[in-house]
Structure formats: C-alpha cells, structure tokens
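Dear colleague,

Please find below the structure that I am handing over to you. My findings follow directly after it.

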Amino acid sequence: MQDNIILTIEGVSKRYASGLQALHQVDLGIRRGEIFALLGPNGAGKTTLISIVCGIVTATSGRIAVDGHDIVRDWRRARSMIGLVPQELTTDAFETVWNACAFSRGLFGKAKNPAHIEKVLRALTLWEKKDNQIRMLSGGMKRRLLIAKALAHEPSVLFLDEPTAGVDVTLRQEMWQLVRSLRDTGVTIILTTHYIDEAEEMADRVGVIDKGRLVLVEDKVTLMRKLGKKQLTLQLAHALSAVPAALAARGMQLAPGGQALVYTYDAQDEHPGIAELLEELDRAGIAFKDLQTSQSSLEDIFVGLLKAEEERA
C-alpha cells in the first residue's frame, strides 16, 4: 500500500436482494489529507459506497482497508478511524449538545476527553450551546452538531454525505470554510455533493460515479484543464445572417440572433488559432465591438461526462 493512501477500495460491488446492482467493481484510493469530492446523480451509488466503507452496508464482493486495517477482519480498528456525517438531521431532540458528543465518543470505546470535546465544539461555534437541548438548535447548528459528533472520537477520515443539502448560501460558505480547516488539521475529507460549485470550490480531486460505476477520478485542476473547453465570443457591430465560409471552416458559429460569433477550442491547445481568426474577420470586413473568453466549469465537464456515458450504454 502506498504511504500516502489512507483509504483503499478494491473491486467493491454491491447487489441487493432485489437484484439491483448498486456498485460495479469500484477501485479507488483516497490520499491522506486530501479533500475528495464524489459526484454523481441521484441513485448513482454514492451513499451505498460510503455506507459500505462505514460498515452500515455489506459489500457483495471486494476489499476495503483504512490505513491498512481491513474493514471486515479488523473492523473495530478500521471503524474507529472513520467519522460519518449523514444527510439526515437525526438527533435525540432532548439530549444536550455536550452529552451527544460525549456519547458518540464513548460508542467507539474512547476514554473520556473533555478537552477534545471542548476543542471540537469551539471550532464549530457550538461551545456556547453545549448545555442546550438539541431541539433548541437552529437547522445550521444541528448540522454542525452532526459534524461535532462525527469528530468526537478523533477519526482520520471524515465522510460528509451531502453536507450542505438544504442550507442557505451563507451557511454553505461557512461549511466550506469549516471543511478546509478540518483538512488543515490533518483529517482526510470525502464528500458527496449535488452542488458542483461545492466540489469546484473545495476539492483537491474529483471522482464521478454513474450507475454504480466509477467513471473518472482526476485531480480537479488537471480535469478542468484536460476536459475543459474555452470559448471566445465576439459581439458584432452589425448582425449577420450567416457565417462566411472561411470562418465556418475554422469552426466559428453564429449565436442565436446573429449578434455574436462564437469560437470553441480546447483549453490545452497552445495554438488555438485566434490570431488567424481575427485576421479572417478583418478580411471578411466583419467588425466587432467587444470580445469575451470563458472556460468550462466543472459542471459543464460533469454533464458532458454523464452524457458520454449514456451514449456508450
């Protein structure tokens, strides 16, 4: 096992009794100290994979190890290294914040450590609420409490299953900052999310899962450079009804309404031929009043990958 890999997933498949094949031969290595975003549509297999790693669901086949500890043969040690923040806000409404965290720590057989619980609650801005019953907390604080409970036993790997689902934009930004600060303390973060901008903002690497298959795993920056497209848009001084043949041959297209010309090219292309395009425009007597360039977002790439998978299926 490579020294920098903390979670190893090898050939993991899951078939439910109903016959549903939720996962197909998933292989994945999570690096120590990274933020890894697992993207995929509803029903893709994200939560099933997390549930298997966390010991909630049993895999049909395959092997998983956390820092070298097999989750089946050495389940107690492996499970103690994992924290899980589920999607659902399921908590004991009449328990206090402090007791909920202390109990969660005890579940993993860890000795009492009030100093650690205090540190976690302070980091999550819950210290002032430590004696409050959970039912008195706001939705955002309840979500923070789920993270506090998951961190109470000092895990090395933290799973965040849709951590910002249903929260407002301000709280999402706060959660992003919190996740980064956790990573800075050495915790490895694996998050599933429907929000592509969440992955684009935070992740070091991105995995895309669809119909139970891991379609792609790539460093985020490399992925956006490799699969991203750049687009040059020229706002015309006068509308056109058609693209001149010489420009069409170079791949330039007319935007709806005829007020702009659009040229799409590979983001990795060192010589996209833009200078030649502009010369061709000049020869054609086409004047433009403005130009903008834009690059594909992670969402564009994600949608494109899923579309390509559907076409192959």
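Of the contacts in the protein chain with a separation of 6 or more, 70% are between residues 24 or more positions apart; contact means heavy atoms within 4.5 Å. This is a predicted model, in which local features need pLDDT of at least 70 and side-chain atom pairs count only at pLDDT 80 or more, while totals for chains, interfaces and linings use all residues. Residues are numbered from 1 along each chain as its sequence is written, and side-chain values use heavy atoms, with hydrogens and water left out.

The protein chain has 11 helices and 14 strands (DSSP runs, H or I of at least four residues for helices and E of at least two for strands, numbered from the N terminus). Its radius of gyration is 25 Å, well over the 20 Å that the globule rule gives for 313 residues, so the chain is more spread out than a compact globule. That radius is taken over C-alpha atoms, and the rule is 2.2 Å times the number of residues to the power 0.38. Of the 313 residues, 44% are buried, meaning under 20% relative accessible area with a 1.4 Å probe, protein chains only.

Helix α3 spans residues 97-107, and its buried residues are Val-97, Ala-100, Cys-101, Ser-104 and Arg-105. Seen down the axis of α3, these fall within an arc of 135 degrees, so they line one face of the helix; the arc is that of the directions from the helix axis to the C-beta atoms. Their cover includes α4 (114-123) and α5 (139-151). Gly-109 follows α3 and has a positive phi, near 75 degrees.

With kind regards

Note on methods: Buried < 20%, exposed > 50% of the residue type's maximum accessible area, 1.4 Å probe, protein only.
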